[in-house]
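Please keep the sequence and the model in view while reading.

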Amino acid sequence: MTTPTTDATPAPDGPATDRRSWWRDYSELGVCVLLLALGVLVLTDALTMDVDIAQRGPVGPRTVPIAVGIGLLLIAALLAVDVLRGGRGQAETGEDVDLSEPADWRTVLLLAGVFLATAVLIEPLGFPIAGALLFWGAAYALGSRRLDRDPLIAAGLSLVTYVLFNDLLGVPLPGGPLMGVL
């Protein structure tokens, strides 16, 4: 008497497998949800913004945020329709990207640290110094090791940015200890 052979392949788990397969096929809907949430947030902030009653003309501080919020909602809806109709984004095919290589987490963490340090130091040190550290730190994290020129370029970029925003555009940036000098 022979025993019946069994298939070594496990049977599908039923609805759970179907759900995983559906989410894999329609995973781009997550981007739609993110765009929808961002659009709602932008519109909510724009519509609850305090606006001076003496504002002149139809274009005020709410105009651009409302346009951006509506654009985000529109893009979320159009992308959701495209995904549900079977549209798929193309995989990255950049000639300078090797998708078989792992991510460079050291660079990502260095850049994140530089941005966090800038956010912490901008108030006590002011933008010219914190911005110079930001520009130099980003260059270092991305691979530049020219210690003779990078800090000078970073300081120059930071000062030009400070003068451009603070003096020409009227956007006040913290000057820190250099406030009296600049």
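## Asp150 and the basis of the model

Asp150 has its place in helix α6, which spans residues 150-168; helices here are DSSP runs of H or I with at least four residues, strands are runs of E with at least two, and both are numbered from the N terminus. With a relative accessible area of 8%, Asp150 is buried, where buried means under 20% relative accessible area, exposed over 50% and partly exposed in between, for a 1.4 Å probe and protein chains only. Leaving aside residues up to four places away in sequence, Asp150 touches Trp136, Ser144 and Arg145, a contact being heavy atoms within 4.5 Å.

The model is predicted, so that local features need pLDDT of at least 70 and side-chain atom pairs count only at pLDDT 80 or more, while totals for chains, interfaces and linings use all residues. Residues are numbered from 1 along each chain as its sequence is written, and side-chain values use heavy atoms, with hydrogens and water left out.

## The chain as a whole

The protein chain has six helices and zero strands, and of its 182 residues 18% are buried. Among contacts between residues at least 6 apart in sequence, 59% join residues at least 24 apart.

## Helix α2

Helix α2, residues 29-47, has 19 residues and reaches 27 Å from its first C-alpha to its last, close to the 27 Å expected at 1.5 Å a residue; the expected span is 1.5 Å times one less than the number of residues. Its buried residues include Leu29, Cys32, Leu35, Gly39, Leu43 and Ala46. These residues cover an arc of only 110° around the axis, which puts them on the same side of α2, the arc being that of the directions from the helix axis to the C-beta atoms. On the face turned away from this buried side, α2 carries the exposed residues Val33 and Leu34.

## Helices α4 and α5

Helix α4 (residues 105-125) and helix α5 (residues 127-141) pack at an angle of about 175°, with their axes 8 Å apart. That makes α4 roughly antiparallel to α5, a term used for angles over 145 degrees; the axes are lines fitted to C-alpha atoms over the stretch in contact, and angles run from 0 to 180 degrees between N-to-C directions. Among the α4 residues that meet α5 are Leu111, Phe115 and Ile122, and those of α5 that meet α4 include Phe127, Leu134 and Ala138.

Val120 is also found in α4 and counts as exposed, at 55% relative accessibility. Its C-alpha atom is separated by 8.9 Å from that of Ala130, ten residues apart along the chain.

Note on methods
Parallel < 35°, antiparallel > 145°, perpendicular 65-115°, else oblique.
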